[in-house]
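Hi there,

Here is the structure I promised to pass on.

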Amino acid sequence: MEFILASNWKTGIDDYNEAIKWIKNVSFFVKNNDFKLRKARVIAAVPYPFLGLNTDFDLEIFSQNLSHVGRGAYTGEVTINMLKSMKIKGSIVGHSERRHIFAETNELINKKVLLLQENEMDIILCIGETLEEKRSGQAYKVLYSQVTEALKGFHKFENLIIAYEPVWAIGTGIPISIEDLKEMESFIRDVFKKDYRIENIRLLYGGSVNKDFVNEIKENTTINGVLVGSASWKSEEFIKIIENFVN
Ligand code: PGA
């Protein structure tokens, strides 16, 4: 099974020198543990200004977002070609903070997914229900429409990673229970089997992941890895998370 350990910096690392130090520490770790990590991908999704930071080739730099518009008069936007021409491997799309703070819709997310597909870049598509949706029994419906609407016209599944991130678990310090995670995993995997004939979609969990919770995920589920926010902002902590998942 392929393991994927992804750090989502958000704006949690917002200092250039701190960014360089983090990249150096994690690259060094990844390089020196290559034998253990052969089956694992380590990804850092960094803010736009840090996309050009030099990294060991084993540590993949992803964008956290991209614009749906292309070359032209769009002040302040970051286009797919800016990312591609800088050899960025992929991008997170549809993170709940983009959906809820910046009002991104499934339709907009679909445009970004298709741009990434056209350019043969990797996609971490985030999906997840809010607490209200969970309480009112809407979670499966919401996840289903987030998947199917974002993936209209999409077929390059070898470039796709799904990150299941329940909104109510993000940044709260309390991850989902393992029982609930198992249920959600089987629901999401079934959607891909039935609707797309994909047997083993790459699936990550995100939402208050810490070094202890990754042990539980590994022991109890077949989830491929984690998308980690605040617990990954200190490189030493992220390294512990990687070690726990991979060992
Ligand atoms: P968190 O964020 O680990 O800080 O909860 C995860 C995410 O939003 O990707």
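Below is what I found, starting with the whole chain and ending with one residue.

Please note that this is a predicted model, where local features need pLDDT of at least 70, side-chain atom pairs count only at pLDDT 80 or more, and totals for chains, interfaces and linings use all residues. Residues are numbered from 1 along each chain as its sequence is written, and side-chain values use heavy atoms, leaving out hydrogens and water.

The protein has ten helices and eight strands (DSSP runs numbered from the N terminus: H or I of at least four residues for helices, E of at least two for strands). Its radius of gyration, taken over C-alpha atoms, is 17 Å, close to the 18 Å from the globule rule (2.2 Å times the number of residues to the power 0.38), so the protein is as compact as a globular protein of 247 residues. Along the principal axes, the C-alpha atoms fill a box of roughly 50 × 45 × 30 Å.

Of the 247 residues, 55% are buried, meaning under 20% relative accessible area with a 1.4 Å probe, protein chains only. Taking contacts (heavy atoms within 4.5 Å) between residues at least 6 apart in sequence, 72% join residues at least 24 apart.

Val142 counts as buried because its relative accessibility is 14%. Leaving aside residues up to four places away in sequence, Val142 touches Gly128, Glu129 and Glu133. With Glu129, 13 residues apart along the chain, the C-alpha separation is 6.3 Å.

Best wishes

Note on methods. Buried means under 20% relative accessible area, exposed over 50%, partly exposed in between (1.4 Å probe, protein chains only).
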